[in-house]
Amino acid sequence: MPNKQKYDANFTAGGIFFNEFSNLKPYLLEEDFEEIVKNDIEENKILAITTLSARKRIVSEIIRRHKVMSSGFWSFFQDLNESESKLALLFVCLKTYPIVFDLHFQVTVQKQKLGLLLTEYDVQMRLDELSSSSVDVESWSETTIRKINTQYRTAIKDAGLYNNEKLHKPININQTFWAYFKENDEVWFLDACFI
């Protein structure tokens with residue numbers, strides 16, 4: 001039976017955007033956030049992204065991610081340390097991009113539960129499987145598939161869950177960080193972080 005999940009390849013715009021969201025912290029709760037970020041495409045005073053074309057693409061994804069999350073989440077995000085911020089941005093990616101959620105739970109979490117390494121090949125196998133059941137993934141070029149694979153593994157590495165094919169629990173995370181997810185009916189994210 002064909003997979004009805006809608007996948008897009010927009011995650012290829014680039015990982016968790018830690019530097020970009022860190023630069024945007026003072027503006028995340030502003031009502032005109034979208035306008036502020038769009039203005040920075042030309043001005044480049046906040047994001048500090050070298051090329052205009054990259055800024056356009058990244059701003060589009062920043063706005064998308066920002067809209068997916070509640071203002072309560074962005075308020076919570078304000079006081080996080082670096083390790084927590086990176087994990088929180090992985091959470092945003094898992095909520096925003098079905099392909100990231102799928103790879104994470106169908107491959108990575110399963111590998112971690114079994115105490116196995118995660119390789120490029122493991123992610124590739126899942127993407128191959130999806131391309132036979134999803135019209136969206138089937139339409140992606142080999143380059144896009146490779147980029148999704150690389151960006152996904154980079155994202156979990158940046159979030160502190162992966163290093164040299166080894167999966168591990170995050171470090172330097174306060175209990176109050178995990179409490180937020182429990183209190184907001186997002187306990188699944190603890191599983192996503194091997195907790």
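Colleague: Why are α5 and α6 called roughly perpendicular to each other?

Modeller: Helix α5 (residues 82-96) and helix α6 (residues 98-113) pack at an angle of about 110 degrees, with their axes 5 Å apart. Angles of 65 to 115 degrees count as roughly perpendicular, under 35 as roughly parallel, over 145 as roughly antiparallel and the rest as oblique. α5 and α6 are therefore roughly perpendicular to each other. Those axes are lines fitted to C-alpha atoms, for helices over the stretch in contact, and the angles run from 0 to 180 degrees between N-to-C directions.

Colleague: Before we go on, what sort of model is this?

Modeller: This is a predicted model, in which local features need pLDDT of at least 70 and side-chain atom pairs count only at pLDDT 80 or more, while totals for chains, interfaces and linings use all residues. Residues are numbered from 1 along each chain as its sequence is written, and side-chain values use heavy atoms, with hydrogens and water left out.

Colleague: Which side chain makes a polar contact with the side chain of Lys 86?

Modeller: Glu 82 does, at 3.0 Å. A polar contact is a pair of N or O atoms within 3.5 Å; within protein, one must be able to donate a hydrogen and the other to accept it, and residues adjacent in sequence count only if both atoms are side-chain atoms. Lys 86 is found in helix α5. Leaving out residues up to four places away in sequence, Lys 86 touches Ile 16, Phe 18, Asp 158 and Ala 159.

Colleague: What makes Phe 101 and Trp 188 an edge-to-face pair?

Modeller: Rings of Phe, Tyr and Trp (its six-membered ring) pair if their centres lie within 6.5 Å; planes under 30 degrees apart count as stacked, over 60 as edge-to-face and the rest as tilted. By this rule the count comes to 22 aromatic pairs. For Phe 101 and Trp 188 the values are 5.5 Å centre to centre and 65 degrees between the planes, and the pair is edge-to-face. The pair links distant parts of the chain, with Phe 101 in helix α6 and Trp 188 in helix α11 (residues 188-192), 87 residues apart.

Colleague: Why does Phe 101 count as partly exposed?

Modeller: Buried means under 20% relative accessible area, exposed over 50%, and partly exposed in between (1.4 Å probe, protein chains only). Phe 101 has 33% relative accessibility, so Phe 101 counts as partly exposed. At 21%, Trp 188 counts as partly exposed too.

Colleague: Is Phe 17 buried or exposed?

Modeller: Phe 17 has a relative accessible area of 5%, so Phe 17 is buried. Phe 17 sits in the segment before α1 (18-24), and has a positive phi of about 60 degrees although it is not a glycine.

Colleague: And is Asn 172 buried or exposed?

Modeller: With 54% relative accessibility, Asn 172 counts as exposed. Its place is the loop between β2 (166-167) and α10 (175-183). Asn 172 also has a positive phi, near 65 degrees, in a residue other than glycine.

Colleague: What makes Gln 124 count as buried?

Modeller: Its relative accessibility is 18%, so Gln 124 counts as buried. Gln 124 is in helix α7 (residues 120-133). Not counting residues up to four places away in sequence, Gln 124 touches Ile 145 and Asn 149.

Methods:
Helix = DSSP H or I, 4+ residues; strand = E, 2+ residues; numbered from the N terminus. Contact = heavy atoms within 4.5 Å.
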